[in-house]
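Colleague: I would like to learn how to read a few features of this entry. Where do we start?

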Amino acid sequence: MDYKCVKTTCPYCGCGCQMLLEVLDGQVVNTLPSKEPHMNQGKLCIKGHTAHEFVHSKDRLTHPLIRKNGKLEKTTWEDAFNVISSKFSQIKNQYGGDSIGFFSSARSTNEENYLCQKLCRAAFKTNNVDHCARL
Ligand code: SF4
């Protein structure tokens, strides 16, 4: 039996709580709070405590999908980005930048959220940007 404990940062929100993932034979089986004196001081909220549960879920998307003829089909990242880019350009050109809105996530880093609003304002010329923490 191969056991190890891996220290990491909770992925669920921007607080950055430190946690330990228990890994048994290559499978993440449990989450424990880190006792080191970080901001979470040996505690995790319920989301952090259950953070390991999605890691090996069969429902996780592991590759991009494109809807063709009403059905989602597996594709490459390059093709997916090309479709996204061409659809966004088509919508912006036809209806203007304010026809598009961006919704960012507390699970993203501050830097990623900054880039999202920059893309929104600079590339699409709209202020239609918000964040899930305001829901
Ligand atoms: S444990 Fe809770 S409060 Fe801490 S980072 Fe995760 S989701 Fe945020």
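Modeller: With burial. Buried means under 20% relative accessible area, exposed over 50%, and partly exposed in between (1.4 Å probe, protein chains only). This is a predicted model: local features need pLDDT of at least 70, side-chain atom pairs count only at pLDDT 80 or more, and totals for chains, interfaces and linings use all residues. Residues are numbered from 1 along each chain as its sequence is written, and side-chain values use heavy atoms, with hydrogens and water left out.

Colleague: Is N113 buried or exposed?

Modeller: N113 is buried, because its relative accessible area is 15%. It sits in helix α3, residues 110-123 (a DSSP run of H or I, at least four residues; strands are E, at least two; numbering is from the N terminus).

Colleague: What is N113 in contact with?

Modeller: Contact means heavy atoms within 4.5 Å. Leaving aside neighbours within four places in sequence, N113 touches S104, S105, S108 and H131.

Colleague: And where does V23 lie?

Modeller: V23 lies in strand β2, residues 18-24. V23 counts as buried because its relative accessibility is 11%. D2 is 21 residues away along the chain, with 8.0 Å between the two C-alpha atoms.

Colleague: Which residues are around the ligand?

Modeller: Near means a heavy atom within 4 Å. The residues are C10, Y12, C13, C15, G16, C17, L44, C45, K47 and G48.

Colleague: Where is L61 found?

Modeller: L61 is in the loop between α1 (46-49) and β4 (65-68). L61 is exposed, because its relative accessible area is 68%.
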